[in-house]
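I opened this entry to record what I looked up in the model, going from the sheet to the whole chain and then to one residue.

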Amino acid sequence: RDKGPIFMKYVKLFGGFMTATMLSACYSATADDFVPVSMPSHITATARDQVSYVLNDPDSAQFRNIRGYAFSGPGGGYVVCGEVNGRNRLGGYAGFQPFRTSVGNGQSSGQVYINDLPAVSMPCSR
């Protein structure tokens, strides 16, 4: 039985997907890929939710110095930086720590970095 045009259509789609995936995996971001922007409120809210989720007490999260950068590389979206303070296991506040996360780039949730090298690296180091 000839699978002809339909089969080839899926092979081409799969090949295109794999090519795009491999190219984006090899992509190395530069400072020019990040543009400071005024973020929409839903992006800021999503970033806060993502960061709060990884804290010991998500409801205790306090934020300051939140800023956003539009990412023009593969996937697009935003990188959100700032500082977060939350309660530790003993119930006291741990102090403000730098954070970085990504929002709106096709991921179900961005990777969250708190008080780690990526949290203070590009573009957050600006």
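**Sheet, chain and one serine**

I began at a facing pair: phenylalanine 34 stands opposite phenylalanine 71 in β2. The model is a predicted one, and I read what follows with that in mind.

The pair belongs to the contact between β1 and strand β2 (residues 62-71), which run antiparallel and are joined by four bridges. I then looked up how helix α2 (residues 41-53) sits. Helix α2 packs on the sheet and touches β2, β3, β4 and β5. The direction of α2 makes about 120° with that of β4.

Next I traced the sheet as a whole. It is open, has five strands in the order β1-β2-β3-β4-β5, and its pairing is antiparallel. β1 (34-37) and β5 are the edge strands; each has a single partner strand, so one side of each is without a neighbour in the sheet.

I went on to β4. Strand β3 (residues 78-85) pairs with β4 in the antiparallel sense over seven bridges. In this pairing I noted valine 84 opposite glutamine 97 in β4. With strand β5 (residues 113-114), β4 also runs antiparallel, and two bridges join them. Here phenylalanine 99 stands opposite isoleucine 114 in β5.

Why is β4 largely enclosed by the rest of the structure? I checked burial along residues 97-103: five of the seven residues of the strand are buried, so β4 is largely enclosed.

From the N terminus on, I read the elements as α-β-α-β-β-β-β-α. Of the 126 residues, 29% count as buried. The accessible surface comes to about 8,300 Å², and carbon and sulfur atoms hold 56% of it. I also looked at contacts with a separation of 6 or more: residues 24 or more positions apart account for 50% of these.

Last, I picked serine 52, which lies in helix α2. Is serine 52 buried or exposed? Its relative accessibility is 11%; the cut-off for buried is under 20%, so serine 52 counts as buried. A polar atom of the serine 52 side chain lies 2.8 Å from the backbone oxygen of arginine 48. Which residues does serine 52 contact, leaving aside neighbours within four places in sequence? I noted Pro58, Ala61 and Phe63.

Note on methods:
Residues numbered from 1 in each chain as written. Predicted model: local features only at pLDDT ≥ 70, side-chain atom pairs only at ≥ 80, totals over all residues. Heavy atoms only, no water. Buried < 20%, exposed > 50% of the residue type's maximum accessible area, 1.4 Å probe, protein only. Pairing = 2+ DSSP bridges. Contact = heavy atoms within 4.5 Å. Axes fitted to C-alpha atoms, helices over the stretch in contact; angles between N-to-C directions. Areas by Shrake-Rupley, 256 points an atom, 1.4 Å probe, with all protein chains shown as cover. Polar contact = N/O pair within 3.5 Å; in protein donor to acceptor, adjacent residues only side chain to side chain.
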